Amino acid sequence: MKFPDSIVIVDSHTEGEPTRVVVEGWPAPAGSDMAARRDDMRSSWDHLRTAVIHEPRGHDAIVGALLTEPVTPGALAGVIFFNNVGYLGMCGHGLIGVVRTLQHLGRLAPGDVTLDTTVGVVAAELHDDGRVTIRNVVSHCHARDVAVDVPGVGRVIGDIAWGGNWFFIAHVAGVPIELTNLDELMRVTRAIQEAIDAAGITGADGERIDHIELTGSALPAVADARNFVLCPGAEYDRSPCGTGTSAKMAVLHARGQLKPGSTWRQESVTGGLFEGWIEEHPDGVTPYIRARAHVTAETVLRFDPADPFRAGFSSK
Ligand code: PYC
């Protein structure tokens, strides 16, 4: 396994959810499009993913973002998102963190920018006050009211939607979306993930649904709904999840419950808040998400050849 001497990262959080942007030291992945670059990362440099995300340099909840050269005209950069177990298509909170990181590095001023991801071109606007609005990839509701029998939970009815990742979105009565209920939220969402995998329930073209989103009510003065999102890698999103909020808005639109021009306020289990809205699109909706991210650290990671844990370790 080849390691660079060091990798420079900038850490931020978006409404509580961490993003670690790799800004220097990672060899440029080969490929003329973002999916090919992600595949090259996976086949040649996956040990750097674990080294950057896992303990002892990181922890399982971090989402990483590798910046590359852009692949579409006018884009500022390409971004490949990764986590403790693999690679993500899009990542809404992560994109907001990337934009704030680029501003922090002096590579971006308030205004509009487009970026390439493995699932398509996304756009962002950095506002003067530091808030960021992202325009996500076109999202859609794939199936409504899908029933699954979940051992230890009972029959769960949910909707399947694409928001840049695949989501199964359900309300489970009697499971409050509160941090004090974290163990139960993890148990229930993991059980749902196992049950939909076992039942062969997928997104379009047999793609694996790898995010489970529970929804519940919020205080009306604060938000329209609260969520808890289990991500691949058995970690939960501390933020309201940008792709999850996009998927949720696509479902609401499909059900006639969200119209263009209305704002959807999505709160997370930690109390993080996203504001979202949609534009109609022939294939579903174009979601917009607005939130704030804060830079928390700039770090040089070192990889001592004598370090037995230089590729990291994880229990997941
Ligand atoms: O914000 O889209 C998101 C996201 C996906 C996984 C973690 N955060």
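Which strands each supply at least two residues of the lining of the second largest pocket? They are β2 (17–24) and β3 (63–68).

## About the model

This is a predicted model, where local features need pLDDT of at least 70, side-chain atom pairs count only at pLDDT 80 or more, and totals for chains, interfaces and linings use all residues. Residues are numbered from 1 along each chain as its sequence is written, and side-chain values use heavy atoms, without hydrogens or water.

## The core

The largest nonpolar core has 66 residues. Such a core is a set of buried Ala, Val, Leu, Ile, Met, Phe, Trp, Tyr and Cys residues joined through side-chain atoms within 4.5 Å. Buried means under 20% relative accessible area (1.4 Å probe, protein chains only). F81, L115, F168 and I192 have the most contacts inside this core. Helix α4 (residues 182–198) gives the largest share, 7 residues.

## Helix α4

Helices are DSSP runs (H or I, at least four residues), and strands are too (E, at least two), numbered from the N terminus. α4 has 17 residues. Its buried residues include L185, V188, I192 and I196. Contact means heavy atoms within 4.5 Å. I192 touches V150, V156, F168, V172, I212 and L214, leaving aside residues up to four places away in sequence. Just after α4, G200 takes a positive phi of about 70°.

## The second largest pocket

The lining divides into 12 nonpolar, 2 polar and 4 charged residues.

Key
Buried < 20%, exposed > 50% of the residue type's maximum accessible area, 1.4 Å probe, protein only. Expected span 1.5 Å × (residues − 1). Nonpolar A, V, L, I, M, F, W, Y, C, P; charged D, E, K, R; others polar.
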